[in-house]
Amino acid sequence: MAEKATGQEIKQFLRGFHKDLNEHSNEYSKENPKTDPEKKAADLKSGQDEEECRNQRMQQQRRQIRKEMKQQRAELTGAERKAKDRALTENLLAVLDFPDHFMENSDLVVYAYASFGTEADTFLLLETLWKRKILTALPRVEGNEMKFYFVSGREELTEGYMGILEPSKQCLPAQSPRAVVITPGLAFTKTGERLGYGGGFYDRFFEAEPLHRKVAIAYGFQVLRDLPSQPWDVRVDQLVTDEEIITISDVHR
């Protein structure tokens, strides 16, 4: 007849049994991990928080660069600005390379803009275009979009969005999807990255009309090694400054 187990022996047996059960359970959990909904939600929120922090840091960097570029432009003396504008315009005209028979070339159209505040001057270019009778269009802000209209002289410009001169209501719309577009901005890189003023007008315009040749202009100090860019930022094809002409290779796009 088997001996009856004592209470102490039963307790020892149960402790051993539970220990073995826990070890097997842990091994099973490692081999068959379960998804904890709360942990998953926490990980997701953590990832979103990190992404939000990165976006905030990027926006702060972009704001700081804009501020610094505006300040550097504002610090130029009248003589410095005049010399830089003249050199930049000469380089830009060399890039545009207008044919001598421009009056017979009805396809030759330039989209430009009226410079404002401390921007590199565009009126030296505009006066040259108007004098040569080259078809020239400037942008007008309409809601969240920007549309170009033909302008043949300064008298056809009127104060518009943010106080910037725009084509008057009498100007005819331009529809030249392959025209060269003189493009403004606050900072650029030699790989074609562009930091604008934050309104997104040119990015949306180029997204709608991607075939334009995008020629950006800026002072030499506005060309930086790199920029905190975003996926929707459109790169330019060429960058013209008072110091150099930069053609962006397809390798850098």
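**Ground rules.** I number residues from 1 along each chain as its sequence is written, and side-chain values use heavy atoms, with hydrogens and water left out. Since the model is predicted, local features need pLDDT of at least 70 and side-chain atom pairs count only at pLDDT 80 or more, while totals for chains, interfaces and linings use all residues.

**Confidence.** I looked up pLDDT (the predictor's confidence in each residue, from 0 to 100) to begin with. The protein chain averages 85, and 76% of the residues score at least 70. Helix H1 (residues 7-31) is lowest, with a mean of 52, and strand S5 (residues 165-167) is highest at 98. Helices (H or I, at least four residues) and strands (E, at least two) are DSSP runs, numbered from the N terminus. Over residues 101-105 pLDDT stays under 50, and I find 6 contacts there beyond four places in sequence; contact means heavy atoms within 4.5 Å. Low-pLDDT coordinates should not be read in detail.

**Ring pairs.** I paired rings of Phe, Tyr and Trp (its six-membered ring) if their centres lie within 6.5 Å; planes under 30 degrees apart count as stacked, over 60 as edge-to-face and the rest as tilted. That gives me 7 aromatic pairs. Tyr111 and Phe205 are a tilted pair, 6.4 Å centre to centre with 45 degrees between the planes. This pair links strand S1 (residues 109-111) to helix H5 (residues 201-208), 94 residues apart. Both Tyr111 and Phe205 are buried (under 20% relative accessible area; exposed is over 50%, partly exposed in between, with a 1.4 Å probe and protein chains only).

Why is the pair of Tyr161 and Phe201 edge-to-face? Their planes stand at 70 degrees, with the centres 5.3 Å apart, so the pair gets that label. Tyr161 is partly exposed at 37%, whereas Phe201 counts as buried at 15%.

I also checked charges over rings (NZ of Lys or CZ of Arg within 6 Å of the ring centre and within 35 degrees of the ring normal). Arg204 sits over Phe201, 5.1 Å from the ring centre, and Arg154 lies over Phe123 at 4.1 Å.

**Cores.** A nonpolar core is a set of buried Ala, Val, Leu, Ile, Met, Phe, Trp, Tyr and Cys residues joined through side-chain atoms within 4.5 Å. The largest has 41 residues, and Leu92, Tyr111, Phe148 and Ile182 have the most contacts inside it. Helix H4 (123-131) and strand S2 (135-142) are among the elements supplying at least two residues each. H4 gives the largest share, 5 residues. Leu92 touches Leu125, Ile182, Val215, Ile217 and Val240, leaving aside residues up to four places away in sequence.
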